[in-house]
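Please look at the sequence and the three-dimensional structure shown here.

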Amino acid sequence: MLDALDEARLPDARNTNALADALTKLSASVGKAGKELKVVITSRASEWQGDSDLQAIKAVIKGLRPPAAEGRPIEVKTFRLLPLRADDVKAIAASRNIDAAEFVGAIDRAKAANLVSQPLDAQLLIDLWQEAIDTGREPTSIFRSRLRVYDDIVGFRLRTENGQERRSNLDPLLGRRACEKLAAVSLLTDIQDFTTDASAPHAINALSALSTDTERWSVVEVRQLLSYGIFQPSVSGRVRFAHNELRDYLAACHFRDAISRDAGSLDVVKPLLAYGFGHIEIPQSTEHVFGWLAALDRIARRRVTELRPTLLIETGDPTALTVEEKSQAIRSHVAAYEDRTYRGEWFLNQDVRDFVTPDLATAIREQLAIAASPEVRELLIEMIRFGGMSTLVPELGTIACDQGEAFRVRAEACFALADLNDATFAQAVMDAALLADAPEHEDTRSAPSWNLFVASALSYTIPAGVPILDGIVLTNRFRREARNYSSATSHYLEEFIARLTVQEIDYWLRIFLRFAKGGRDSNRDMMPVRIPRFKVLGQAICHCINTLLVEDIAGIPRVLLLEALEFAFSIARNPDYSLRETGFPALARTLRALPDLKHDLITMRIALFSQNEKNEYWIAHQAIDPLKLERSGDGYEIFTAEDVRRLADLMADRPAGRERELPFTCARQLADQIWSQSERDEARQILRRYARRYGGRDLKRAYGRLAPLWRFSNRFRHSHRYTIRRWARSQIDTISSGFWRVYNTLVLLRRWRRLSNGLEKGMLIWAVRKSPNDLGGSVIDGMSARHGEWVAKVFAAGFKRYWRDNDISYADRDTYGALVGLTGLALETPEALAQLPDQLVERAFRYGFANLNGFPDWLFPLALLKPQLFTGVATGILEEDIWGGDDKESASDGFSRIAYSSSDIRELIGAAVPTLAYLWVAKK
């Protein structure tokens, strides 16, 4: 393992080529390992130099391999560490003996999850949390607002250096202001890295950025500043802010102070705005800075409200705003929809929940009366819902029953009424939903919004006591969605099921199965078919099954559970395009602990196939293989060794013969679906025990005490003897090729003088035939590999001498003699060709016209150097093409080579074109 390559490549490191030094030491220590060698290298992604490092590693690994493994490719796998997940942060917090759930919840409320994406960041935030606890603060007050969180984090990081106590004589207040200034400079220049080297490209010189006429900074002070925990190492000794969120917050603090110094003038933030044709906008690159600035400064807040009021909802700190400021932001946002219906402004539920308070009810009622866009009306209803504004229930009931409202707006109103626990309008909403005009059955574009409204109406009305018959009729009004559409309806139907009692879930499971489950697919494995129109009911059915299995499995009819469970396995086989979590993991965990239910399901499916089918292997595959819970390639383990044992128990109750082999084959098929190694080993032990006790002759041979010997004998008959035969043949071929290699080498050495003079044409042709696709260097490389470097030099001299002594005619261009001459010319250097006499240059051009697939590479510079000689040879060859017989194959080879050559070659032949045209006409 070569660890920390990035640290070895820092400018202060002594070794300038760390990777090469490490690989040299590795080569000297390991040598010819004779075994598979695995090298693990860890580094920052920024310090990995890509293909150059990879090729260096491959070259060293290739040298360490034994001769038998030299031909195999070197496998390279690249991995990158993912950021910490919530469970990882909880584990780190638990290791520090603090309340993990409370800590992670506070981070989520403060929207500071990005600040704990790395282990060191998490440790620093835990230190901050622990420090606040030690001073006597309540956990709920530590991260009570985003402003407080970020201010505490910045203050704490300014007191640390690489996770330890900082050793610096800088004034903390001066250091804070310097960091704010550097953040503003980084934002305006769009350069992330800082350095103290003025000559470093693509980096900000921190010394120049901080020094002014009134403030002087030294190199030592700047280095101390950049050692703050608020920075982290970057590339080649540079540093950058540890997180962009911290940079944006510090930049906003800098601009806040600048606005205060300029008596409230906003000229200082003009570079952060985008100016178009009469419009001023806040670009995406600075929207987070303006969000923080709006939370920090009242003057900037009014400007942000005018330009982009949505930033007050999704960025910054909404708790820093007054009710009037939030109301003005809502009014400005609604006013932006005066000239358009949709703007594509969507918000996370948590952002809306953090922004709204019950005091905004008056402003929202006022805007609901004037807002016409469905998009903005949906947002206003979400504010009512998450703000708990029960005083606006009448408005919600009116919207939910209004047939003129958009389906998504009515759906949001139903969800709001359900969350507010007000059943006043339940029956009215159900009646309105039953009377609403549903889209056509094939209108897949309108189906998602309609289905969402139907699901919301069920979620609100059924728990409120509306007759279940009305709910059944409304369920029948679902419409088919596109197969590749990820709908949110199934998620809300799961929430609807969660609101019901166990008895009601039993009823609705039957109802959903009645609509969603079709007949068995007789063409495949007899699994139930899912009706496409009711695809959205699939996850709700899984939720119903899991709840009933956990809460009241004894009170549910067995037939209903088996039918529903088989349908759940059928659902898992169809692709689900939703990225959210489904009910399959929970259902799989529940089923693992219910061997009786799984046994009944398997025996039921075996009975489907065993009536008319005689092949037990086919029965086992068709009955058991579909029983999987998978989603997007991720599978969930369901079966255990206990399930295998229960199936194998059926062998004891059945007479000998096929009746015993069928349950054993099914048990073996089931064991193949077990992933856990310990469970697999236990299942194999069970199979071996039952095969020896109840199996027939073949099973006892396969699983008896002499089974290894029998398997070896069987493999020898069907596999090993062929392997031995192939090995023997390969050894014979190796010995034979070695003998002929030695014999040919001796023959070549005996005739080396004639060969070097180009007199052994047959030997030269034999060498060309060994490498027919690449004349020149590959022929000599092949000879060197087979017979040694000295023999290869003899062949090279013979090829060069052959073309000088043997001319070629155009008619002989397809002979082996032409290939031998072309090989010799390919071995010539450009300088040697340029010094040839005219006679040999013309001969070289004639060989060039014999090359397959166009002219060889050496011909082009030689033709430009000797244009008259080339034109003369080419004209003569083209005349032969013209006067050649019409039945001759490839009669226009010369013309084709000229046509597909470079423009320089075509220009050289241009002067001879009229003469050639006259000859062509004369021939015709």
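This is a predicted model: local features need pLDDT of at least 70, side-chain atom pairs count only at pLDDT 80 or more; totals for chains, interfaces and linings use all residues.

Residues are numbered from 1 along each chain as its sequence is written, and side-chain values use heavy atoms, with hydrogens and water left out.

The secondary structure of the protein consists of 48 helices and 12 strands. Helices (H or I, at least four residues) and strands (E, at least two) are DSSP runs, numbered from the N terminus. Of the 924 residues in the protein, 45% are buried. Here buried means under 20% relative accessible area, exposed means over 50%, and partly exposed lies in between, with a 1.4 Å probe and protein chains only. The protein exposes about 48100 Å², and carbon and sulfur atoms supply 51% of this area. Accessible areas come from the Shrake-Rupley method with a 1.4 Å probe, and for residues only the protein chains shown count as cover. Among contacts with a separation of 6 or more, 69% join residues 24 or more positions apart; contact means heavy atoms within 4.5 Å.

Attention now turns to helix packing. Two packed helices are described by the angle between their axes and the distance between the axes. Axes are lines fitted to C-alpha atoms, for helices over the stretch in contact, and angles run from 0 to 180 degrees between N-to-C directions.

Angles under 35 degrees count as roughly parallel, over 145 as roughly antiparallel, 65 to 115 as roughly perpendicular and the rest as oblique. The crossing of α13 and α14 is left-handed, a term that applies if the near helix is turned anticlockwise from the far one by less than a right angle, whereas clockwise gives right-handed. On the α13 side, Phe290, Leu293, Ala294, Ala295 and Leu296 meet Arg298, Ala300, Arg301 and Val304 of α14. By class, this contact has 7 nonpolar, no polar and 2 charged residues. In this classification Ala, Val, Leu, Ile, Met, Phe, Trp, Tyr, Cys and Pro count as nonpolar, Asp, Glu, Lys and Arg as charged, and the others, Gly among them, as polar.

Another pair is formed by helix α27 (residues 538-551) and helix α28 (residues 558-573), whose axes come within 10 Å and cross at roughly 135 degrees. Helices α27 and α28 are therefore oblique to each other, and α27 passes α28 in a left-handed crossing. The contact involves Gly538, Ile541, Cys542, Ile545 and Leu549 of α27, together with Leu561, Ala564, Leu565, Phe567, Ala568 and Ile571 of α28. These residues divide into 10 nonpolar, 1 polar and no charged.

Leu565 lies in helix α28 and is buried, with a relative accessible area of 1%. Its C-alpha atom is separated by 8.1 Å from that of Cys542, 23 residues apart along the chain. Leaving aside neighbours within four places in sequence, Leu565 is in contact with Ile545, Leu591, Leu597 and Leu601.

Leu493 is placed in helix α25 (residues 489-498) and counts as buried at 0% relative accessibility. The C-alpha atoms of Leu493 and Gln539, 46 residues apart along the chain, are separated by 8.0 Å. Not counting residues up to four places away in sequence, Leu493 touches Ala455, Leu458, Phe478, Val536, Leu537 and Ala540. Leu833 belongs to helix α42 (residues 830-834) and is buried, with a relative accessible area of 4%. With the same exclusion of residues up to four places away, Leu833 touches Leu825, Glu828, Val841, Trp858 and Leu862.

Backbone geometry is the final topic. Most residues other than glycine have a negative phi. Asp190, although not a glycine, has a positive phi of about 60 degrees. Asp190 is found in the loop between α9 (172-189) and β3 (194-195) and counts as exposed at 63% relative accessibility. His202, also not a glycine, has a positive phi of about 55 degrees. The place of His202 is in the loop between β3 and β4 (204-205), and His202 is exposed, with a relative accessible area of 69%.
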